[in-house]
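I opened this entry to keep a record of what I looked up, in the order in which I looked it up. The sequence and the model come first, and my notes follow.

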Amino acid sequence: MYVCLCKGINDKAIHQAVVSGEINSMRDLRQQYGVASQCGCCKSCAKNILHEALEQRSHQPGKETQLPVAVCYT
């Protein structure tokens with residue numbers, strides 16, 4: 001399914017980029033693929049697909065995962 005019509009990015013491309021380790025955040029997705037950088041209509045859908053792909057990657061055996069990092073400025 002196409003996620004970003006402006007840039008021609010589909011859900012499979014996002015999943016592949018996450019599995020390869022190329023994409024780890026919406027910032028990466030926007031910078032490297034241009035998703036949600038033009039009209040912005042795809043932002044919520046892209047975010048959902050990205051989170052789904054990151055979740056799947058974290059459950060694959062033998063794959064390194066990033067630890068959650070919290071920053072408190074109090």
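**Helix α2 and Gln 32**

I began with Gln 32, whose place I found to be in helix α2. I kept in mind from the outset that this is a predicted model. With a relative accessible area of 43%, Gln 32 is partly exposed, because that class lies between the limit for buried, under 20%, and the limit for exposed, over 50%. I then looked up a pair of C-alpha atoms, those of Gln 32 and Glu 22, and noted a separation of 8.8 Å for residues that are 10 residues apart along the chain.

**The chain as a whole**

I next stepped back to the overall layout and counted 3 helices and 2 strands in the protein chain. Read from the N terminus on, the elements follow the order β-β-α-α-α. I also looked up burial for the chain, which has 74 residues, and found that 30% of them count as buried.

**The nonpolar core**

Which residues have the most contacts inside the largest nonpolar core? I found them to be Leu 29 and Val 35, in a core that has 17 residues. The elements that give two or more residues to this core are β1 (2-4), α1 (11-19), α2 and α3. From α3 comes the largest share of the core, namely 5 residues.

I followed up Lys 43, which has its place in helix α3 and, at 41% relative accessibility, counts as partly exposed.

**The loop between α2 and α3**

Is Ala 36 buried or exposed? I located Ala 36 in the loop between α2 and α3, and at 16% relative accessibility it counts as buried, since the limit is under 20%. I also wrote down its backbone angle, for phi of Ala 36 is near 65°, a positive value in a residue other than glycine. Cys 39 is likewise found in the loop between α2 and α3, but Cys 39 is exposed, with a relative accessible area of 51%, a value that passes the limit of over 50%.

My last entry concerns Leu 5, which I found in the loop between β1 and β2 (9-10). Leu 5 is exposed, with a relative accessible area of 73%. I looked up two C-alpha separations for Leu 5: with Cys 39, 34 residues apart along the chain, I noted 9.5 Å, and with Cys 42, 37 residues apart along the chain, I noted 8.0 Å.

Notes: Residues numbered from 1 in each chain as written. Predicted model: local features only at pLDDT ≥ 70, side-chain atom pairs only at ≥ 80, totals over all residues. Heavy atoms only, no water. Helix = DSSP H or I, 4+ residues; strand = E, 2+ residues; numbered from the N terminus. Buried < 20%, exposed > 50% of the residue type's maximum accessible area, 1.4 Å probe, protein only. Core = buried A, V, L, I, M, F, W, Y, C linked by side-chain atoms within 4.5 Å.
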